[in-house]
Amino acid sequence: MKYFKQILFLSIIVAVLSSCSKEKIYLVNEVVLSFDDAPNFPENVVQILDILDKHHVKATFFCIGEALRAYPEIAERISVEQVMGNHTYSHINILKNNLSEIFDKEILQTQEIIDSLQPSNPHYFRPPFGKIGSDQRRFLIQKGYTIIMWDLSAEEWNDKVTTRQVLNYYHTSLQSKAKIPVILFHLNTSSVEALDILLGEFEEEGISVISLEEYLSKI
Ligand SMILES: [Zn+2]
């Protein structure tokens, strides 16, 4: 009995020490992943698609119509492997425009390209620069779009933001279980490098990357 108690005590100590040695980086359980401005920066987009494939992750790519036309092969690959969203035809600031006047050219035209590639596309829309008015929101919802903003972005569209800074940002930001965060990634070199590391850490810590569809069914 005495030995048993000692062994039990020792095994508890070992368990406590081993759990302390590997501190969790994140506290979230689930995240949503999205990318903006695709398929601009085509070489980086290809690497991002490879990384998502390697980690078995589904994300949403908010695409620019003129970039879909410029890089049809990458557009096709995104449509086969990931979910596409609408990010206007020319990355226009819709807040500075009369949306009903530019709707056909900027949003409908882009959606037609997306629908031709992905016939059952869910019609997600993200406004360039995050700029949208409440009347514009109503207008787009009436047209059947779901407006998708974001909760977290390391702003690494800016070349000055390093891979380490992107990772540090997510290490400090993903510390709350209160809400499933929608993450906005861009298509820079630091986006590519940080994404692979981040998804590896998510796997180690059992964090699920859920689709926008699943996310919308939960909120
Ligand atoms: Zn954008």
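A residue counts as buried if 20 or more other C-beta atoms, placed from the backbone, lie within 10 Å of its own. By that count, strand β7 (residues 182–185) is covered on both faces, with V182 and L184 buried on one side and I183 and F185 buried on the other. In a regular strand, side chains alternate between the two faces of the sheet.

Two strands pair if DSSP finds at least two bridges between them. Strand β1 (residues 30–38) pairs with β7 in the parallel sense over four bridges, and V32 stands opposite V182. Strand β6 (residues 152–153) also runs parallel to β7, joined by two bridges; here S153 has L184 as its bridge partner.

## About the model

Do keep in mind that this is a predicted model: local features need pLDDT of at least 70, side-chain atom pairs count only at pLDDT 80 or more, and totals for chains, interfaces and linings use all residues. Residues are numbered from 1 along each chain as its sequence is written.

## Helices α2 and α8

How do α2 (residues 42–54) and α8 (residues 189–205) meet? Their axes, lines fitted to C-alpha atoms over the stretch in contact, come within 9 Å and cross at roughly 5°. That makes α2 roughly parallel to α8 (angles under 35 degrees count as such). Contact, meaning C-beta atoms within 7 Å, involves N44, Q47, I48 and I51 of α2, together with T189, S191, V192, L195, D196 and L199 of α8.

Definitions and conventions
Axes fitted to C-alpha atoms, helices over the stretch in contact; angles between N-to-C directions. Parallel < 35°, antiparallel > 145°, perpendicular 65-115°, else oblique. Contact = placed C-beta atoms within 7 Å. Buried ≥ 20, exposed ≤ 12 C-beta atoms within 10 Å, placed from the backbone.
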